[in-house]
Amino acid sequence: MIRVLLVHDACLLRSALAERLAREPDLEVFHAPWHSARDSIGAVRPDVCVVDPDGDTTYPSTEFGEQSHPVNGGLGSPLLVLVSGNRPGLLRRCMEAGALGYVDKASPPDRLLTGIRQVAGGQRFVDESLGFGFLKAAQMPLTHRELLVLSLAAGGAPVAEIAHRLHLTNGTVRNYMAAITRKTGARNRIDAIRISRVEGWV
């Protein structure tokens, strides 16, 4: 029996997906929102964590720590993420977190089931439809930290809040924003956010 923990913030979608997965005789399915994910992982001890990283803006750094395991992203079990090919920034962050499986949100349920079983067996699984997204992720000019700062800024967080959430000084956050503006060829912070949204980085 494969123990699966599904982490998603939308309760209706999470419950419906968990119900579909639970129909499989070889899967035992649990689910939780992001804010209780850490406690759920400790209680369930899943064989696979299936997560929607869109639910946590700073995933994976602030939720599970900066030092991530090369296979399990610091979760204590193999990680499979639900992503979209038009979000290369998110793909990049998941890659750096050590996710082992990547399933396109537009894929049919059978693809997710295949991914769960392969990741549970220690094998990498990547939806073919995500190929272009991975190519764009590899070409991104921003570092992991810059992506985190930019994601929070794009969400409307002021400098002080970004500094608090990422355990940085206000000056360091401003330095990151200056670097982001320069690397994206933007005129200012607002323009950098606009460009990054168009490119799917945040």
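Among contacts in the protein chain between residues at least 6 apart in sequence, what percentage join residues at least 24 apart? The figure is 66%, where contact means heavy atoms within 4.5 Å.

## Model and overall make-up

This is a predicted model, in which local features need pLDDT of at least 70, side-chain atom pairs count only at pLDDT 80 or more, and totals for chains, interfaces and linings use all residues. Residues are numbered from 1 along each chain as its sequence is written, and side-chain values use heavy atoms, with hydrogens and water left out.

The protein chain has 10 helices and 6 strands. Helices (H or I, at least four residues) and strands (E, at least two) are DSSP runs, numbered from the N terminus. Buried residues make up 50% of the 202 residues in the chain. Buried means under 20% relative accessible area, exposed over 50%, and partly exposed in between (1.4 Å probe, protein chains only).

## The annotated aspartate

D52 sits in the loop between β3 (48-51) and α3 (61-64). An unreviewed UniProt entry carries the annotation "modified residue: 4-aspartylphosphate" for D52. UniProt positions are given in the numbering used here, feature names are shortened, and annotations may be inferred rather than shown by experiment.

D52 counts as buried because its relative accessibility is 6%. Leaving aside neighbours within four places in sequence, D52 is in contact with V7, H8, W34, L82 and K105.

## L112 in helix α5

L112 belongs to helix α5 (residues 109-120). Its relative accessible area is 6%, so L112 is buried. Residues up to four places away in sequence aside, L112 touches L17, L21, V50, L80, L82 and V103.

Take L21 from that list. L112 and L21 are 91 residues apart in sequence. In space, their C-alpha atoms are 9.0 Å apart.

## Helices α4 and α6

Two packed helices are described by the angle between their axes and the distance between the axes. Helix α4 (residues 88-96) and helix α6 (residues 131-138) pack at an angle of about 80 degrees, with their axes 8 Å apart. Axes are lines fitted to C-alpha atoms, for helices over the stretch in contact, and angles run from 0 to 180 degrees between N-to-C directions. The pair is therefore roughly perpendicular. Angles under 35 degrees count as roughly parallel, over 145 as roughly antiparallel, 65 to 115 as roughly perpendicular and the rest as oblique.

On the α4 side, the contact is made by P88, L91, R92 and M95. On the α6 side, G133, F134, K136 and A137 take part. These residues divide into 5 nonpolar, 1 polar and 2 charged. Ala, Val, Leu, Ile, Met, Phe, Trp, Tyr, Cys and Pro count as nonpolar, Asp, Glu, Lys and Arg as charged, and the others, Gly among them, as polar.

T181 lies in helix α9 (residues 170-184). T181 is buried, because its relative accessibility is 14%. Not counting residues up to four places away in sequence, T181 touches A186, R187, N188, R189 and A192.

D191 is in helix α10 (residues 189-199). With a relative accessible area of 5%, D191 is buried. A polar contact of 2.7 Å joins the side chains of D191 and R194. A polar contact is a pair of N or O atoms within 3.5 Å; within protein, one must be able to donate a hydrogen and the other to accept it, and residues adjacent in sequence count only if both atoms are side-chain atoms.

## Positive phi in loops

R45 is not a glycine, yet has a positive phi of about 55 degrees. R45 is in the loop between α2 (37-44) and β3. R45 counts as exposed at 62% relative accessibility.

H167, also not a glycine, has a positive phi of about 60 degrees. H167 lies in the loop between α8 (159-165) and α9. H167 is exposed, with a relative accessible area of 72%.
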